[in-house]
Amino acid sequence: QVQLVESGGGLVQPGGSLRLSCAASGSIFRINAMGWYRQAPGKQRELVATITSGGSTNYEDSVKGRFTISRDNAKNTVYLQMNSLKPEDTAVYYCNADGVRIGLKPFTSWGQGTQVTVSS
């Protein structure tokens, strides 16, 4: 199995910053894409940002220019730097990773989620 553990959520004022981290562990042979999703109360889970093993990134339109996704392949860790936070960014943020396990079986894993609340 592959486990994802997120950290870094919390309460921040509008205009503030937070950095989320997500570390993958377990029987990992290779991680392909990693990403962040979020789910606000009463809404569906939505993509925030993704990054490939080669460093190509993709962002949801509302976070472009404010959020930056990055990863450390040696540590199997993905980060989300969130700047200029707005109340509408409030949500539970989930880490996602897909790749290949030892034994060459594909996997897709999700973290447990971390709460981000933007409020004055």
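Colleague: What makes β1 and strand β3 a pair, and in which sense do they run?

Modeller: In this predicted model, six bridges join β1 to strand β3 (residues 18-26) in the antiparallel sense. Within the pairing, L4 stands opposite A24 in β3.

Colleague: To which sheet do they belong, and what makes β1 an edge strand?

Modeller: β1 and β3 belong to an open sheet of four strands, ordered β1-β3-β8-β7 with antiparallel pairing. The edge strands are β1 (2-7) and β7 (67-72), as each pairs on one side only. From one strand to the next, the twist averages 15 degrees.

Colleague: How do you know that β7 is joined to β8?

Modeller: Six bridges join β7 to β8, and the two run antiparallel. A pair needs at least two bridges, so β7 and β8 qualify. S70 stands opposite Y79 in β8. The two strands form a hairpin with four residues between them, and N76 in the turn has a positive phi of about 50 degrees.

Colleague: Why is T77 called buried?

Modeller: T77 has 8% relative accessibility, and buried means under 20%, so T77 counts as buried. T77 lies in strand β8. A polar atom of its side chain lies 2.9 Å from the backbone oxygen of K75.

Colleague: What makes the contact between R38 and E60 a salt bridge?

Modeller: The side chains of R38 and E60 meet at 4.0 Å, N to O. The cut-off is within 4 Å between a side-chain nitrogen of Lys or Arg and a carboxyl oxygen of Asp or Glu, so this pair is counted as a salt bridge. R38 lies in strand β4 (residues 28-39) and E60 in the loop between β6 (57-59) and β7, so the pair ties together parts that are 22 residues apart in sequence.

Colleague: Why do R38 and E60 fall into separate classes of accessibility?

Modeller: R38 has 5% relative accessibility, which is under 20%, so R38 counts as buried. E60 has 23%, which falls between the limits of 20% and 50%, so E60 counts as partly exposed.

Colleague: How do you know that D89 and R66 form a salt bridge, and are they buried or exposed?

Modeller: The side chains of D89 and R66 meet at 2.8 Å, N to O, which is within 4 Å, so the pair is a salt bridge. The pair links distant parts of the chain: D89 is in the loop between β8 (77-82) and β9, and R66 is in the loop between β6 and β7, 23 residues apart. D89 is buried because its relative accessibility is 1%. R66 is buried because its relative accessible area is 10%. Salt bridges that share partners join R38, E46, E60, R66 and D89 into one network.

Colleague: Why is D61 called exposed, while K64 is called partly exposed?

Modeller: D61 has 59% relative accessibility, and exposed means over 50%, so D61 counts as exposed. K64 has 49%, which lies between 20% and 50%, so K64 counts as partly exposed. The two residues form a salt bridge, with the closest N and O atoms 3.0 Å apart. A search of the whole structure finds five salt bridges.

Colleague: What makes I102 exposed, and to which patch does I102 belong?

Modeller: I102 has 59% relative accessibility, which is over 50%, so I102 counts as exposed. I102 is found in the loop between β9 (91-101) and β10 (106-110). Together with F29 and L104, I102 forms a nonpolar patch on the surface, with about 360 Å² of accessible area for the three residues together.

Colleague: How do you know that β4 pairs with β9 and with β5?

Modeller: β4 and β9 share nine bridges in the antiparallel sense, and the bridge partner of R38 in β9 is Y93. Five bridges join β4 to strand β5 (residues 46-51), also antiparallel, and G35 stands opposite T50 in β5. At least two bridges are required, so both pairings qualify.

Key: Residues numbered from 1 in each chain as written. Predicted model: local features only at pLDDT ≥ 70, side-chain atom pairs only at ≥ 80, totals over all residues. Heavy atoms only, no water. Axes fitted to C-alpha atoms, helices over the stretch in contact; angles between N-to-C directions. Patch = residues over 30% accessible without salt bridge, like charges linked within 9 Å, V, L, I, M, F, W, Y side chains within 5 Å. Areas by Shrake-Rupley, 256 points an atom, 1.4 Å probe, with all protein chains shown as cover. Buried < 20%, exposed > 50% of the residue type's maximum accessible area, 1.4 Å probe, protein only. Polar contact = N/O pair within 3.5 Å; in protein donor to acceptor, adjacent residues only side chain to side chain.
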